[in-house]
Structures are given as structure tokens and as C-alpha cells.
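Dear colleague,

Please find the structure below, handed over for your study. My notes on what was found in it follow.

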Amino acid sequence: MARVDVLMPQMGESIAEGTLSKWLKKLGDEVKRDEPLFEISTDKVDAEIPAPSAGVLAEIKVQEGQTVPVQTLVAVIETDKGAAATAPKAAAVTAPPVAAAPRAPAAPGGTAVSPPSPIAPSRPLPSSPAPAVKGGDGAETAEERLRRKSTPLVRKIAAEHQVDISTIPGTGFAGRVTKQDILGVIERGAPVPTAPGSRLPAPGVSGPVQHPTVEPWPGDRVEPFSKIRKITADHMIMSRRTSAHVTSFFEIDYSRVAELRRKHKSAYAERGVNLTYLAFIAKTCAENLRTHPVVNAAVSGDNIIYRRDVNIGIAVALEWGLIVPVVKRADELSLSGLAHTINDLGERARTKKLLPDEIQRGTFTITNPGVFGSYAGAPIINQPQVAILGVGTIEKRPKVVTLPDGTDTIAIRTMGMVSMSYDHRVVDGADADRFLADVKRALEDFPEGAI
């Protein structure tokens, strides 16, 4: 008789907890090794967690909708069908690997930044909290250190709202302050003590997120935010408060790209690659981000970080929300490689197979509402980036064209709008428009040699 404990995995270095969103097996069901057992939702990614061993699901310790710290016992798999499930733990689910840190970026005219040390495997949390007792010398206890430390995400929210984490009663392990704890304090508008020496935020820039209460009418259906919807809502409000949003619009003639797609689409399909307009757009943006570094930057306090790597996030609309997987070092990929990577990330996003590292370290984002018929839009910047490109619907339209003899005529061309929202704190209108003009020129004259 053998029992295998299934633990809440740590889906990335900064993840301290996860929400068990759905059980894929019922109590008493047989499971195969590596068969999806349950779904989790974290601050970074939704994912299916595979069974660490074959057997029978003998115990379920965490119910759907519960949020628990990493390494919490979630379930027990009994490898002997006829044996009673009574003994405690054995082995744990191993979280997907986190990619090693990339090379150090260099800021033009600034200081090179050293990469962080490789991420070490996380250790299980203690089985029980340390007692909250201070020594006679007033030294900080282990519990107090854990509560103060919390997670990088919680510390970031606390810094943005000038909140002292140590004053918030935590509901996590050993009083750890979770994201829900700090957001609850901020959203309730309760007075929150500020960290020593901190400055209060400027009016209208940051502060508590107020969600007005609206009375439901008879027959209405009221549903709480899903975790991914709540995260999206928080990030969108934070982005609007953080960045000075401005949007520029350009019309692009895609007739050249349409011709190249018709000519090469079958050959790409034979290699299992879907040659989309988005691949051409991403390729062109990646090449031009290298020559327009301010669009591929981030703001850190009073400094501008010019990213060395060009990592393009591709927004993917899911039935349950929105996620942005990232194509790493997109400027180093061929059109074929870029198209393949976009297809692969999109498919794995829809089937919840993404790893945490695959939705992090983006430097620029492309969103494509045009697939739903949108003419143009003004997307919200994906923090801490400084620009996001929106792609409008691509369709045939009448256009005035100039013939070789200088006369004008009306022709049917494949046209579409692109829009780019950018952070005017660091990206001037001229910078944004030069970038978009270069993207437009490159798409309208796309070289066949790049296919």
C-alpha cells in the first residue's frame, strides 16, 4: 500500500498561494500518472496540474474556490485500490520549471543591469506556524518576518498605495498578508497606516480603488469576479493611474502582405504553421523596436529602463478572460519561427498549458481585436511596459492610389488600422509616430526574401 500526497505547487518564484478553481476528477476516480487532476489559478497563470502518480483519488483536502499557500496538502492518491486511505504524506507534485534569468540589459548611455541569480527550487513551508513570541531583547520572530515579507506582488501593491504591510492582519500561512488581504483593505477605503518616511500619493494618481455598490434588480444574476477577471480589473485600473495614456492611429495597406500570404500560405501549412497577418505585424514590430528603444522601455521611479531583449506579448482572448503569453527575443526569430511560436503559445493558452515564465518579462504588447471585427481601438498599456499596439480588422476597401503616370484612381486594396497607446511620461508623440510610420512602411513593402 502506498499513498502519494498531492500538494499545491509553486508556479513561479514570486507565487505564494494558489486557488483551486476546478477538480477534474471526483473522489474515488482512478487517475493515471500525468493525467490532469485539477485546475489552479494564481496571480500569474491558470494551469492544469497533473497527477504525480497513478492510483485512486482517495481524499480531497481542498475544495473548489479555496485559496491556499503553496505546499498545502490538496489531495491524497492511493496506489492500492483496496487499501484504506488513512496514512499521511509521501511525495509532492513538482511545479513546472521556471526558465533561467535572461542576460543583463544595457541602457543606452546608462548603466548595465546585472541579471538576478538563477532561481533555486523552493522549499516546502513548515507544517505549522512558529509561535508569535518575541524574545526578551525584542528580536523579530519568524512569524513576524514572514508576515512582513509577504510576496513581491503584495509588496508592490503596498508600495504603490504607501501601506505598511506589518499593520495588516494576514489570513495566509502564519499571518502572511495575501493579495486578497491588502486589496480588501484598500478597496474598503479603510484608513491604512503609511510606511515610515513615505509620501502620500498625489490626488488622482493612486490611492484606494473604489468600486461603487450597485443594487441588483429582480431577476438579475450576480456573480463574483473570477480570479483572472479580478486580476485583469486591478491591472487595468492601475495602468490608467500609472501611465499618461496617449493613442496614435495609422492606416496600413496590407495588399503586399496579402499577396505574400496567398503565395506562401500552403507551404507554411505543410510545415504545420499558420501564416497569419499577426505574424507579419509582430515580425515588423520586433525589428523596429530595436531601432526605437524608447518604445521598448519601462519606467522605474525617475529612471527609464531601456530593455535589451525584445519580448513581445500577444494578447489571447479566452472564454474565461484574457492572458498575454510572451514571445521571448522576438527580433531574433524568422517569420516562420515567429508564426510557429505565436500559434503554439496561443494554443497552449487556450488549453491552460502555459508555464509561468511564458507570461512574464514582456517588453511590448500586441492585441488584435480586429479578429472580432473592430475597426480600431485605444488599448490600455500592459504595465510596466510603455506601449501597446492594437490591430484593427483587415479587409478590402476602396482607396485612392496614384498610377505610375501620376494620375489618381480608385482601387480595391486590403486595408486595416493600427493604433498604439503609449506612456507620454517617456514616449513623445514624435517618437511614437516615427515608430508607427516605420512599421507601416515595412509592412507595405515587406520583402519576399524575409519569407
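Thr365 stands opposite Ile388 in β17. Strands here are DSSP runs of E with at least two residues, helices are runs of H or I with at least four residues, and both are numbered from the N terminus. Strand β17 (residues 387-402) is joined to β16 by three bridges, and the two run parallel. Two strands are said to pair if DSSP finds at least two bridges between them.

This is a predicted model, in which local features need pLDDT of at least 70 and side-chain atom pairs count only at pLDDT 80 or more, while totals for chains, interfaces and linings use all residues. Residues are numbered from 1 along each chain as its sequence is written, and side-chain values use heavy atoms, with hydrogens and water left out.

Strands β16 and β17 belong to an open sheet of six strands, in the order β9-β18-β17-β16-β12-β15, with mixed pairing. At its edges lie β9 (245-253) and β15 (326-327), each of which pairs on one side only. Helix α8 (residues 429-444) packs on this sheet and touches β9, β16, β17 and β18 (408-423); contact means heavy atoms within 4.5 Å. The direction of α8 makes about 20° with that of β9. For such angles, axes are lines fitted to C-alpha atoms, for helices over the stretch in contact, and the values run from 0 to 180 degrees between N-to-C directions.

Gly362 is located in the loop between α7 (335-350) and β16 (364-367). Leaving aside residues up to four places away in sequence, Gly362 touches Asn311, Val326 and Gln385.

**The four-stranded sheet**

A further open sheet has four strands in the order β5-β4-β2-β7, with antiparallel pairing. Its edge strands are β5 (46-50) and β7 (67-69), and the twist averages 40° from one strand to the next. Five bridges join β4 (residues 36-41) to β5, where Glu48 is the bridge partner of Glu39.

**The nonpolar cores**

Which residues have the most contacts inside the largest nonpolar core? They are Cys285, Ile312, Phe364, Ile366, Leu389, Met420 and Phe435, in a core of 54 residues. Helix α6 (residues 277-291) gives the most to this core, with nine residues. A second, separate core has 19 residues, including Val4 and Leu37. A nonpolar core is a set of buried (under 20% relative accessible area, 1.4 Å probe, protein chains only) Ala, Val, Leu, Ile, Met, Phe, Trp, Tyr and Cys residues joined through side-chain atoms within 4.5 Å.

With kind regards

Note on methods. Buried < 20%, exposed > 50% of the residue type's maximum accessible area, 1.4 Å probe, protein only.
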